[in-house]
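Biologist: I'm new to this one. Please walk me through a pocket and some of the ring contacts.

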Amino acid sequence: MWISLVSNHLDEVKNNIVVKHNNLVNASYELTLNEQRLMLGCISLIDSRHQIDTQRLYKIQVKDIGDLCGVVNTTHFYKDMVDAAKRLLKRTIKIGDKQSGVYGEAVWITRYVVDDRNRTIEVNFNDDVIPYLSSLQNRFTKYKLKDVAKFKSVYSIRIYEQLAQWTRTGCLELEIDKLRHILCVQDKYKTFSDLRKKVIEVAVREITDYSNLDVSYGYRKKGRVIVAIQFRFETKKKSKNLTMDEFVSANPVLTKGKTEMEVRRLMLK
């Protein structure tokens, strides 16, 4: 028998916590933006402190995810999310390491169910993925779903998760080869200039504008070659401690074109 766990209303969904084992955070996999949104929305429904029932389906209200992401065309977004669910059946996570001689792949989900009338999607996680999402005692990363919901780049989500592992220290150095491996861009953005412009700078800007972190970055070189990115970041001050002008200055993209009332509502979130 299949058991279905359903997402809550938007006010509760935005505070849902995404929890992943660090091995999953650091794994190499490639998902589109909407595939990431669907996966994170369903993962945020899991109580990571307990073992998952392998028969359980996690149901997400597509409208809640769309509202959280700031989607305007909800009909088009629903279709896109259904397409994302279909593709997820074939999406894999790389397991192990070729250098160790022990490696392979596993799919994310084994089943999805769409309800067009209520506009919901529910998924069943693959048994091989479940250990990375539940009964986590140590070495895990967690963050609020709302902190990545407005990202437009899939790389922003993956880099945010890397930073979220080190919020206590506020700094992280990632070797370029490791970053490429995690993001599955070994064969893309061949020059560092392209990688910086289309991946790193976009991610740093989105994370700073939309999440709970302020981020900056620098480089480590070996001779003239850049071999690692050095991120520095800190958790933003609560908006209630900021004046409206300070909030607008700290969130230029988020507040652009907003009325005073709309900005005040953003400050209360």
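**Pocket and rings**

Modeller: In this predicted model, strand 4 gives the most to the lining of the second largest pocket, with 5 residues. Strands (DSSP E, at least two residues) and helices (H or I, at least four) are numbered from the N terminus.

Biologist: What volume does the second largest pocket have?

Modeller: About 610 Å³. A pocket is an open set of points on a 1 Å grid where a 1.4 Å probe fits, with protein on both sides within 12 Å along at least five of seven lines, and lining residues have an atom within 4 Å of a point. The volume is the space filled by probe spheres set on the points, which are joined across faces, edges and corners.

Biologist: Now the rings. How many aromatic pairs are there in the whole structure?

Modeller: The search finds 7. Rings of Phe, Tyr and Trp (its six-membered ring) pair if their centres lie within 6.5 Å, and planes under 30 degrees apart are stacked, over 60 edge-to-face, the rest tilted. One of the pairs is Tyr155 with Tyr189, edge-to-face at 6.1 Å centre to centre and 85° between the planes.

Biologist: Where do Tyr155 and Tyr189 lie?

Modeller: Tyr155 is in helix 6 (residues 154-164) and Tyr189 is in the loop between helix 7 and helix 8 (192-210), so the pair ties together parts 34 residues apart in sequence.

Biologist: Is Tyr155 buried or exposed?

Modeller: Tyr155 is buried, at 10% relative accessible area, whereas Tyr189 is partly exposed at 21%. Buried means under 20%, exposed over 50%, partly exposed in between (1.4 Å probe, protein chains only).

Biologist: What about Phe192 and Tyr219?

Modeller: Phe192 and Tyr219 are also an edge-to-face pair, 5.5 Å centre to centre with 80° between the planes. Phe192 lies in helix 8 and Tyr219 in strand 10 (residues 213-222), so this pair ties together parts 27 residues apart in sequence. Phe192 is buried at 19%; Tyr219, at 33%, is partly exposed.

Biologist: Which residues form an aromatic cluster?

Modeller: Tyr143, Phe151 and Tyr160 form one.

Terms used
Residues are numbered from 1 along each chain as its sequence is written. This is a predicted model: local features need pLDDT of at least 70, side-chain atom pairs count only at pLDDT 80 or more; totals for chains, interfaces and linings use all residues. Side-chain values use heavy atoms; hydrogens and water are left out.
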